[in-house]
Amino acid sequence: MSSSKGFLAMAKTAESIGANTFQFFTRNPRGGAAKDWDPRDIQEMFGYFEKAGIACPLAHAPYTLNACGAQERVRQFALETMADDLKRLEQIPGALYNFHPGSHVGQGDEQGIQQIADTLNRVLWEGMHTTVLLETMAGKGSEVGRNFEQLREILDRVELSQKMGVCLDTCHVWDGGYDIVEDLDGVLAAFDQTVGRARLKAIHLNDSMNPRGSHKDRHEKIGQGHIGAEAFRRIVTHPMLRDLPFYLETPNELDGYQAEIAMLREMAG
Ligand code: FE
Ligand code: FE
Ligand code: ZN
């Protein structure tokens, strides 16, 4: 959802389709200026959370951010947008903030990883109340964060790394080559060994339009893609995942999300 709808409205929409949390864009997903958030609206949202049993939401940075762009002005825009988003999110203490690490656009993985870490080192501060999540990426083009090792590299270079976590996107890891269909346990063990399970704070649940390792990043409805319903049953019931917040980013309207939430709840038992 987009925060331009208002926070109370987003919480009510989530509840109306059977959700107990939601993800929202801090501003237009394609970027641009965000209008000010209304403190009364946010207060009403928190009041509604208590009534409806909704957990604190996940904020998603615009897709257009690229903390490791080749051009200085692209990196500067990422820095300023993230700094502004994180300042605003102090109004929603306990929120998660997810972003796509970026695309190095020919600079190479090492340079990309360093620029992403540099950006984080400039926007995080000691007393902040938000946890910032690196999203696992499909490895489209020159995307950084396309395997667990790269996420680990970024985290290792962030000074306030206790403010950091990871959001695992099922479509992205599948497209990135991880076999979450035949070997979910093995993939999660690799994540645990490389990144550490304590870093895992959120899951994006998406099926994929493409076969494993395709590096395409085209989301499909749950059970209608190459990952398939049975794999999602194992994902939502896995001991390492089942207590995490799950967010759908499938190609749906509200009624489609409502049906997927019902199906996933049924699977989760
Ligand atoms: Fe994302
Ligand atoms: Fe995602
Ligand atoms: Zn995606």
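This is a predicted model: local features need pLDDT of at least 70, side-chain atom pairs count only at pLDDT 80 or more; totals for chains, interfaces and linings use all residues.

Tutor: What follows is a chat about the fold, the metal sites and a few local details.

Student: Thanks. How many helices and strands are there in the protein chain?
Tutor: The protein chain has 9 helices and 11 strands. Helices (H or I, at least four residues) and strands (E, at least two) are DSSP runs, numbered from the N terminus.

Student: And what's the radius of gyration of the protein chain?
Tutor: It is 18 Å, which agrees with the value near 18 Å for a compact globule of 269 residues. That radius is taken over C-alpha atoms, and the globule rule is 2.2 Å times the number of residues to the power 0.38. Along the principal axes, the C-alpha atoms fill a box of roughly 50 × 45 × 30 Å.

Student: What share of the residues count as buried?
Tutor: 54% of the 269 residues do. Buried means under 20% relative accessible area, exposed over 50%, and partly exposed in between (1.4 Å probe, protein chains only).

Student: Let's do the sheet. In what order do the strands of the open sheet come?
Tutor: The order is 1-2-3-5-7-8-11, giving 7 strands with parallel pairing. Two strands pair if DSSP finds at least two bridges between them. Strand 1 (23-25) and strand 11 (246-248) are at the edges with a single partner strand each, so one side of each has no neighbour in the sheet.

Student: What about strand 7, how many of its residues are buried?
Tutor: 6 of the 6, so strand 7 is largely enclosed by the rest of the structure. Met164, Val166 and Leu168 are buried on one side, and Gly165, Cys167 and Asp169 are buried on the other. Strand 7 runs parallel to strand 5, joined by 4 bridges, and Leu134 stands opposite Val166. Strand 8 is also parallel to strand 7, again with 4 bridges, and there Ala202 is the bridge partner of Cys167.

Student: Now the metals! Which residues coordinate the iron ion (ligand 1)?
Tutor: They are His60 (NE2), His100 (NE2) and Glu135 (OE), at 2.1 to 2.3 Å. Donors are N, O and S atoms within 2.8 Å of the metal (3.2 Å for Na, K and Ca), and water is not among the atoms, so sites may look incomplete.

Student: How far apart are the iron ion (ligand 1) and the iron ion (ligand 2)?
Tutor: They are 3.2 Å apart, and Glu135 coordinates both. The zinc ion (ligand 3) lies 5.3 Å from the iron ion (ligand 1).

Student: Which protein donors does the zinc ion (ligand 3) have?
Tutor: His172 (NE2), Asp217 (OD) and His219 (NE2), at 2.0 to 2.2 Å. Their spacing along the chain is H-x44-D-x1-H, and both Asp217 and His219 are buried.

Student: Switching to helix 7, which of its residues are buried?
Tutor: In helix 7 (residues 184-194), Leu184, Val187, Leu188, Phe191 and Thr194 are buried. Seen down the axis, they fall within an arc of 130 degrees, so they line one face of the helix; the arc is that of the directions from the helix axis to the C-beta atoms. The face turned away from that side carries the exposed residues Asp185 and Gln193.

Student: What do the buried ones pack against?
Tutor: They pack against helix 5 (148-156), strand 7 (164-169), strand 8 (200-205) and helix 8 (229-237), where contact means heavy atoms within 4.5 Å.

Student: Last one: where is His215?
Tutor: His215 is in the loop between strand 9 (207-208) and strand 10 (219-220). Its phi is positive, about 55 degrees, although His215 is not a glycine.

Terms used. Residues are numbered from 1 along each chain as its sequence is written. Chains are lettered from A and ligands numbered from 1 in the order in which they are written. Side-chain values use heavy atoms; hydrogens and water are left out.
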